[in-house]
Amino acid sequence: MMEDQEEKGNAENGIGRQKQVKDEYLLQFLDSLDGYLTLLDSLSSTLSQGWLELASARHAMGASRINGALLDLKVHAAATSLKVSEQDVDSMESQPCFTLCKWASSDNGERSSGEEKSLSPQLRHRNNSQLSGIISSPQRQKSLSVFGVLVSPKLRSAQLSFERALETLVEIANLHTTMLSMFEQVHKELENTNG
Amino acid sequence: MYGFEAMTFNIHGGYLEAIVRGYRAGLLTAADYNNLCQCETLDDIKMHLSATEYGPYLQNEPSPLHTTTIVEKCTLKLVDEYKHMLCQATEPLSTFLEYITYGHMIDNVVLIVTGTLHERDVQELLEKCHPLGMFDSIATLAVAQNMRELYRLVLVDTPLAPYFSECITSEDLDDMNIEIMRNTLYKAYLEDFYKFCQKLGGATAEIMSDLLAFEADRRAVNITINSIGTELTRDDRRKLYSNFGLLYPYGHEELAVCEDIDQVRGVMEKYPPYQSIFSKLSYGESQMLDKAFYEEEVKRLCLAFEQQFHYGVFFAYMRLREQEIRNLMWISECVAQNQKSRVHDSVVFIF
């Protein structure tokens with residue numbers, strides 16, 4: 001009888017732990033969904049701000065100075081690139097992790113000195129925004145030089161807005177993979193319970 | 001007061017002064033802008049503009065409209081009016097009217113040269129040029145590799161030729177050289193236009209001196225603010241300022257060493273006409289500076305119409321129309337981007 005009660009206790013503990021794990025996965029899924037929706041909203045407002053600032057720069061500098069016909073068609077390395085790597089989660093499955101490499105040029109071998117933002121959902125590494133602004137400032141100006149060297153501060157603000165939008169997009173991509181992974185986990189747990 | 005202009009001006013200039021005052025009456029009013037600012041779509045804007053003098057230029061444009069189409073068609077109206085005045089003008093008014101377009105010519109030259117440097121198609125660049133700044137050999141600009149060739153092959157036969165003496169080098173054209181070329185040309189043009197107006201004398205000299213001095217001062221401030229944090233040295237910055245204007249020479253010396261917007265404010269507030277402009281801005285802010293300068297410019301341009309028998313009315317009219325087109329461009333962008341709350345950020349009412 002004592003053994004029966006012990007077995008019953010163990011079974012109840014096991015069920016309780018399972019329920020706790022399921023709740024945890026569910027909470028993580030809902031958290032990532034909330035973060036995803038918040039980031040989508042933030043992206044929308046950042047892009048709106050960027051487009052308006054670009055229009056404002058066109059208004060200040062004139063349409064002949066800011067138009068699509070001035071963009072550089074010469075072959076050159078991208079100022080910003082995206083790295084996709086596989087990240088192990090819980091040693092069970094890997095999920096893609098997106099990392100933005102800003103203002104790094106492979107042409108002059110300065111890739112390691114470029115600003116790198118790893119935006120994995122588990123651990124965030126963010127450079128000090130003021131320091132990164134100082135470090136990447138010549139590269140940032142170079143990318144604006146298609147419109148001239150003496151450009152309005154409104155054009156620089158537009159550039160910063162679009163940069164922020166790009167960072168947000170990468171965050172969204174990472175959060176999206178996390179969300180899908182959590183959804184899979186929740187789905188598996190539900191199947192196990194029903195099975 | 002000046003000379004005996006009232007006795008002789010109307011012989012050659014009376015018809016065109018009457019024409020330009022008639023054109024001025026067609027500028028959009030505050031009521032027009034209020035209607036435009038309440039539009040929900042670009043087609044609404046087209047509908048409201050159809051009741052104005054822009055109507056015939058926009059009526060055949062198909063939907064969906066684009067903001068650049070509205071600006072293009074409105075500019076065509078300005079070009080037609082300018083060409084009508086130019087073909088009716090005699091000397092020295094015809095030369096005066098041509099001077100008004102040299103700024104656009106400089107912008108077009110720089111557009112073609114920059115676009116060619118970026119390996120863009122010449123036809124595509126020509127479509128983006130301002131129609132008031134076109135000249136016959138403009139497409140040939142694409143073959144020049146440096147400023148010497150630019151001058152020798154193309155610009156020597158254009159009105160911009162005299163302005164090139166200060167910037168002819170054999171250095172290859174790059175972004176910095178092109179920027180310095182643009183500003184050096186514009187500086188030489190403004191100084192030449194100023195001297196021409198001084199030679200004309202009378203009310204024209206008085207009114208145009210004030211307007212051109214304001215233009216020179218505004219350019220000095222914009223060059224200073226836009227060059228903060230760039231590779232442009234203090235000496236190079238100083239060389240781009242025009243050699244006339246309220247800020248010349250002491251204001252220029254102080255502006256050349258400014259490192260931020262607050263230092264620029266400190267310099268400008270010593271000059272009473274500009275104190276009122278900078279008092280509208282909060283510290284560290286430069287976003288509303290353009291609008292403040294445009295408002296001051298419009299005030300001065302409208303005052304030019306208070307006197308008769310001078311050429312300043314032609315310059316003032318062209319500038320007011322350009323401001324109106326800028327207003328329409330901004331309103332269209334705010335409507336197209338669904339940002340109507342920001343429409344009053346940059347609209348400058350003329351009346």
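# Contacts, burial and backbone in a predicted model

Q: At what distance do the side chains of B:S209 and B:Q198 make a polar contact?
A: A polar contact is a pair of N or O atoms within 3.5 Å; within protein, one must be able to donate a hydrogen and the other to accept it, and residues adjacent in sequence count only if both atoms are side-chain atoms. The side chains of B:S209 and B:Q198 are joined by such a contact, at 2.4 Å.

Q: What pLDDT do side-chain atom pairs need in this predicted model?
A: Residues are numbered from 1 along each chain as its sequence is written, chains are lettered from A and ligands numbered from 1 in the order in which they are written, and side-chain values use heavy atoms, leaving out hydrogens and water. The model is predicted: totals for chains, interfaces and linings use all residues, local features need pLDDT of at least 70, and side-chain atom pairs count only at pLDDT 80 or more.

Q: Is B:S209 buried or exposed?
A: B:S209 sits in helix α11 (residues 202-227) of chain B. Helices (H or I, at least four residues) and strands (E, at least two) are DSSP runs, numbered from the N terminus. Buried means under 20% relative accessible area, exposed over 50%, partly exposed in between (1.4 Å probe, protein chains only). B:S209 has 14% relative accessibility, so this residue counts as buried.

Q: How many residues apart in sequence are the parts tied together by B:R300 and B:D210?
A: Their side chains meet in a salt bridge at 3.1 Å, N to O; the term means a side-chain nitrogen of Lys or Arg within 4 Å of a carboxyl oxygen of Asp or Glu. B:R300 lies in helix α16 (residues 289-304) of chain B and B:D210 in helix α11 of chain B, so the separation in sequence is 90 residues.

Q: How many salt bridges does the whole structure hold over all chains?
A: One network of salt bridges links B:E53, B:K77, B:E81, B:R321 and B:E324. Over all chains, the search finds a total of 32.

Q: Which backbone nitrogen does the side chain of B:D260 reach at 2.9 Å?
A: B:D260 is in the loop between α13 (250-256) and α14 (261-268) of chain B. Its relative accessible area is 32%, so B:D260 is partly exposed. The side chain reaches the backbone nitrogen of B:D262 at 3.0 Å. At 2.9 Å, the side chain reaches the backbone nitrogen of B:Q263.

Q: What is omega for the cis peptide bond that joins B:E91 and B:P92?
A: Most peptide bonds are trans. B:S63 and B:P64 are joined by a cis bond with omega about 0°. B:P92 lies in the loop between α6 and α7 (93-117) of chain B. For the cis bond from B:E91 to B:P92, omega is about -5°.

Q: What is phi of B:F309 near?
A: Most residues other than glycine have a negative phi. B:F309 lies in the loop between α16 and α17 of chain B and is buried, with a relative accessible area of 18%. B:F309 is not glycine, yet its phi is positive, near 65°.

Q: What pattern does chain A follow along the sequence?
A: Buried residues make up 37% of the 195 residues in chain A. The chain has three helices and three strands. Along the sequence they read α-β-β-β-α-α.
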